[in-house]
Amino acid sequence: MTTQIIYPEPIENAIASIESWLQNWGKSSVLSNYSVSKRSLALLLLQKDPNLWQALAKAPQQQQEIEILLTVAQNQLQYPVDIAIATTRQQQASSLESITIEKTQAANNSVSETLHRLTVNPLTGFAILLVILYFGIYKFVGEFGAGELVDRKVKKYSHQNLDQNEMVLLGNLASIYLGISLNLVGQTHRVIRFDYQSN
Amino acid sequence: MNCHQCHKNCHSDQHKHNKHIWWRRLRKQHSPESTLILDGNIALVGMPNVGKSVLFNRLTGMYVDVSNYPGTTVEVSKGIAKIKEYQIRVIDTPGMYSLVPISEEEQVARNLLLHESLDAVVHVVDAKNLGRMLPLTFQLMEAGLSVILAINMIDEAEQLGLKVQREALQLELDLPVALMSATLNRGIRELKHTIIKYLSSPSANILDNWQMAQ
């Protein structure tokens, strides 16, 4: 491959014309303050770059000359000039990719990869979500945390005469149990999320 | 002042990766003041979500917002990378697909490339989608910029069974190619080495210099 992409002939001709046009205008061109190559400027003009054309609008004569060159190139092409340029680049990129990327056996499916596939698939993903909601939230947090554990504490202290402060403390204890339960669920979620991100 | 504009290395995240930072600081204190300063300007460019900002963090030690979705960087961040005795200004740019801008962020990155005086442009690409990224490399080369191709996420590509033939690619493109994984801190040292070689002898054959550095 060459270091320079060769575009279809009408585009190459237009590039050459614009390059020589830029050369002729020199410092008096409205585009002289751009520090990139003339070829690149020519291609940007052919792609109707809004900024360059805005700058050209300040000099109607220069704008008209470039418009003529663009129209000449466009008339010789089946597709719009910007599409033809993009297609040429993409073809070159794809061909370069095909010769520089070697496709080998993909790494063995790890546990995380399998989990990732299962969780992103709508069918299995929603089923897993429902299982987590039922067992993780309803059963574990609801029944076990808020039900079983809190009941146990309440039963333990139910025969005692508790004052207001002790009742508050008991309430807080129940909150702590719930917090621990929720935290456990949260940690599980974080592990799954990390696993997903690492993929 | 925003966190990303601060030149102090105060973010805790970097300490994880700079195991010997206390030793570096000690060495820095004892090193002679008159270090060779290379007024190099490099810009990190590439499509959105390819890891430019992670690489910026790795090169400069400064923190800029990083996320797992495209379009996080909406303004230009500048920092200093200290590589050996050199100090290089690194510019992190918003993601761009082409030199012809569509969004305002692309416009910012494009203006920087077209108007700033840059010694090198590090084009960061995703190894998994090389074919989709290379058209921008071509455009940067056409613009006459000195391009270093940094192929990021090489670990993810390997997982998918994709192996990038670095030598073949750099021969085809005639520019230095570095393989790396910025999040894993893999290949960063080689990239730094490439940047230094590139900047210290701009008139010489860059590719030869790069190969000698290997």
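# Chain A against chain B: questions and answers

The side chains of Asp49(A) and Arg110(B) meet in a salt bridge, 2.7 Å from N to O. This is a predicted model.

Me: How many residues does chain B bring to the contact with chain A?
Reply: Both chains take part. Chain A contributes 33 residues. The number from chain B is 35.

Me: What area do chain B and chain A bury between them?
Reply: Carbon and sulfur atoms account for 57% of the buried area. On the chain B side, Phe138(B), Glu142(B) and Glu172(B) supply 22% of what that chain buries against chain A, more than any other three residues. Between them, the two chains bury about 2,900 Å².

Me: How many salt bridges are there between chain B and chain A?
Reply: Asp49(A) and Arg110(B) meet in a salt bridge, with N to O at 2.7 Å. The search over all chains finds eight salt bridges. Between chain B and chain A the count is two.

Me: How many residue pairs are in polar contact across the interface of chain B and chain A?
Reply: The rule takes pairs with both residues at pLDDT 80 or more. Across this interface it finds 14.

Me: Which element gives the most to the side of chain B that touches chain A?
Reply: The elements of chain B that give two or more residues include helix H4 (104-115), helix H5 (130-142) and helix H7 (166-173). Helix H6 (154-159) and strand S6 (162-164) of chain B are also among them. With nine residues, the one that gives the most is H5(B).

Me: By class, how many residues on the side of chain B that touches chain A are nonpolar?
Reply: Charged residues number eight on this side. Polar residues number nine. The nonpolar count is 18.

Me: Which residue in S6(B) is the bridge partner of Ile101(A)?
Reply: Strand S1 (residues 101-103) of chain A runs antiparallel to S6(B). Three bridges join these strands. In S6(B), the partner of Ile101(A) is Val164(B).

Me: Which strands are the edge strands of the open sheet in chain B?
Reply: Six strands form this sheet, in the order S2-S3-S1-S4-S5-S7, with mixed pairing. The twist averages 25 degrees from one strand to the next. An edge strand here pairs on one side only, and the two are S2 (77-83) and S7 (177-179) of chain B.

Me: Which residue in S7(B) stands opposite Leu149(B)?
Reply: Strand S5 (residues 147-152) of chain B pairs with S7(B) in the parallel sense. Three bridges make up the pairing. Opposite Leu149(B) stands Val177(B).

Me: At what angle does helix H8 of chain B run to S5(B)?
Reply: Helix H8 (residues 188-200) lies across six named strands of chain B, including S1 (40-45), S3 (86-92) and S4 (120-126). To S5(B), helix H8 runs at about 175 degrees.

Me: How many residues apart in sequence are the parts tied together by Arg39(A) and Glu12(A)?
Reply: Arg39(A) forms a salt bridge with Glu12(A), the closest N and O atoms being 2.8 Å apart. Arg39(A) lies in helix H2 (residues 38-46) and Glu12(A) in helix H1 (residues 9-25) of chain A, so the pair joins parts separated in sequence by 27 residues.

Key
Residues are numbered from 1 along each chain as its sequence is written. Chains are lettered from A and ligands numbered from 1 in the order in which they are written. This is a predicted model: local features need pLDDT of at least 70, side-chain atom pairs count only at pLDDT 80 or more; totals for chains, interfaces and linings use all residues. Side-chain values use heavy atoms; hydrogens and water are left out. Contact means heavy atoms within 4.5 Å. Buried area is the accessible area (1.4 Å probe) that two parts lose on being put together, summed over both. A salt bridge is a side-chain nitrogen of Lys or Arg within 4 Å of a carboxyl oxygen of Asp or Glu. A polar contact is a pair of N or O atoms within 3.5 Å; within protein, one must be able to donate a hydrogen and the other to accept it, and residues adjacent in sequence count only if both atoms are side-chain atoms. Helices (H or I, at least four residues) and strands (E, at least two) are DSSP runs, numbered from the N terminus. Ala, Val, Leu, Ile, Met, Phe, Trp, Tyr, Cys and Pro count as nonpolar, Asp, Glu, Lys and Arg as charged, and the others, Gly among them, as polar. Two strands pair if DSSP finds at least two bridges between them. Axes are lines fitted to C-alpha atoms, for helices over the stretch in contact, and angles run from 0 to 180 degrees between N-to-C directions.
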